[in-house]
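Q: Please take a close look at a single part of this structure and describe how it is packed.

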Amino acid sequence: AGRLNYPNEALRKNIEGKLKLQVILRADGTVRQLNVVQSSGHQVLDDAAINIVRRAGLFPPFSPEMKKHYDQLIITRIWQFTKDNKNLDLSGSSSKS
């Protein structure tokens, strides 16, 4: 995290904000879909959160037991970009389907 992932444009313009991002994972650990559920009001911050998840690459695949019951995992997280705590992930939830 830290300044490495904080968008340069946002740093230069002193932009801060928080957004809610939903990530849908396939059973093999790949990202099926990314959705900004609630925008920060700043496209540069919304795009940064999406890019952080994309750069993370593969997530661990589901266990055999989990695959028996679920074909995807939905994770909803709140991301906060502030001068003091760069891209601090405040909270989140997940659901399976």
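A: Helices (H or I, at least four residues) and strands (E, at least two) are taken here as DSSP runs, numbered from the N terminus. The model is predicted, so local features need pLDDT of at least 70 and side-chain atom pairs count only at pLDDT 80 or more, while totals for chains, interfaces and linings use all residues. Residues are numbered from 1 along each chain as its sequence is written, and side-chain values use heavy atoms, with hydrogens and water left out.

In α2, the buried residues (under 20% relative accessible area, against over 50% for exposed and in between for partly exposed; 1.4 Å probe, protein chains only) are Val 44, Leu 45, Asp 46, Ala 48, Ala 49, Ile 50, Ile 52 and Val 53. They pack against α1 (8-13), β1, β2 (31-38) and β3. Gly 57, with a positive phi near 80°, follows α2.

Leaving aside neighbours within four places in sequence, Leu 19 is in contact with residues including Leu 45, Asp 46, Ala 49, Trp 79 and Phe 81, where contact means heavy atoms within 4.5 Å.
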